[in-house]
Amino acid sequence: MENPTMNTTATLSRLFAGIQADLDTVDKTFQERATSGLTILNSASMHALGAPGKRLRTALTLLAGKLNTYRFEKLLLLSVAFEMTHLATLIHDDIVDESSTRRGNPTVNALFGDKIAILLGDYYFAKTAGLIADIEDPRIDHLFSDTVATVCEGTILEMMTAGNIDLSKETYYEKTKSKTACLMAACSKGGAIISGATPEEIELLHAYGMHLGTAFQIIDDILDYTQDQSTIGKPVGNDLRQGMVTLPLIYALQDAPQNGHYQQVKTLLGEKTHKDEEISEIVEWVTQGNGVKLSLLDAHAQANKAREALYHFPASPDRDVLDELIDFVLMRKK
């Protein structure tokens, strides 16, 4: 196990050494496909391309595809398609959240307005459909349409439950699986389909991606409480400011009726503007109590389920990387 403060980029570079050239090709193809004759689209695309995290999804697609027959030409199309899908959802998400920055950079909606941002998201969905069609496998067509529909459902569920202090753990998991984990699951499942895996292997890799993605989101939600702004590029307690009740808060609230914080959080979730000290007080309470500890246990439980699915495959260097990715997701600090 590596040092928890390990350098994210260095770790991924080491893990992805075997697929680095292919990752670079995916990047290059993505930039070629993401641009068009319209200058404003190009500046918006280039702007949105700076987001980190994309190598993780692409690596999942390629590595899952290596567990059987590695067909890079088709995996390349799938990787670019899923990156574009993700980009489209991010652009639309920022409009929904009325976000002016993402990881310290101005959002597309902040730079160009909501109307262009909506159309740019639609533009990427359209481009994605073309890439998927070129793969020429109806199972991938269905995987793509199911994934986009599920992400939309997850986002709607998130909007409908925003500000709800009584959000259950079940609804949190449903939302997390739909909004975040299903795209990672689609990457590993798509890689499996293209590589000629058996139906059982396809389901196992889908489960691996789903559990990995769920652990990824739980860690994300924990970091929102435990990290300082300079590390994650957004203010601590950001979810709370947006009225989002995530797992650490759900656990903390289970003890709350006895200690008076329940009412405090309820008031906070109902307010449009927040004082920093109010947010800090809740953040401190969540981190000092059981909220973070219990959430971490859940993230580890998800990681174990991902590993269980993965260990149905024979040992190989590619399986080892997928295995180490589980530790990477648990240990990441940003």
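Salt bridges and their surroundings

Author: A search of the whole structure finds twelve salt bridges, a salt bridge being a side-chain nitrogen of Lys or Arg within 4 Å of a carboxyl oxygen of Asp or Glu. The model is predicted, so local features need a pLDDT of at least 70 and side-chain atom pairs count only at pLDDT 80 or more, whereas totals for chains, interfaces and linings use all residues. Residues are numbered from 1 along each chain as its sequence is written, and side-chain values use heavy atoms, with hydrogens and water left out.

E32 and K28 form a salt bridge with an N to O distance of 3.6 Å. Both belong to helix α2 (residues 20–34) and are four residues apart, about one turn of the helix. Helices here are DSSP runs of H or I with at least four residues, numbered from the N terminus, while strands are runs of E with at least two. E32 and K28 are both exposed; buried stands for under 20% relative accessible area, exposed for over 50% and partly exposed for what lies in between, with a 1.4 Å probe and protein chains only.

The closest N and O atoms of E203 and K189 are 3.6 Å apart. E203 counts as partly exposed because its relative accessibility is 42%.

D220 and R332 form another salt bridge, with their closest N and O atoms 2.9 Å apart. Distant parts of the chain are linked here, as D220 is in helix α10 and R332 in the segment after α17, 112 residues away. R332 has a relative accessible area of 6%, so this residue is buried.

The nonpolar interior comes next. A nonpolar core is a set of buried Ala, Val, Leu, Ile, Met, Phe, Trp, Tyr and Cys residues joined through side-chain atoms within 4.5 Å. The largest core has 96 residues, and F16, Y208, L240, L249 and L325 have the most contacts inside it. Helix α5 (residues 72–96) gives the most to this core, with 13 residues. Leaving aside neighbours within four places in sequence, Y208 is in contact (heavy atoms within 4.5 Å) with residues including L60, S188, A306 and L325. A second, separate core of five residues includes V151, C182, A185 and M210.

C182 is also touched by T147, which meets L183 and A186 as well, residues up to four places away in sequence not being counted. T147 is placed in helix α8 (residues 138–161) and counts as buried because its relative accessibility is 6%. Its side chain reaches the backbone oxygen of L143 at 2.6 Å.

I116, in helix α7 (residues 114–135), counts as partly exposed because its relative accessibility is 31%. S13 lies in helix α1 (residues 8–15), and its C-alpha is 9.9 Å from that of R55, 42 residues away in sequence. P317, in helix α17 (residues 317–331), is exposed because its relative accessible area is 63%.

Definitions and conventions
Polar contact = N/O pair within 3.5 Å; in protein donor to acceptor, adjacent residues only side chain to side chain.
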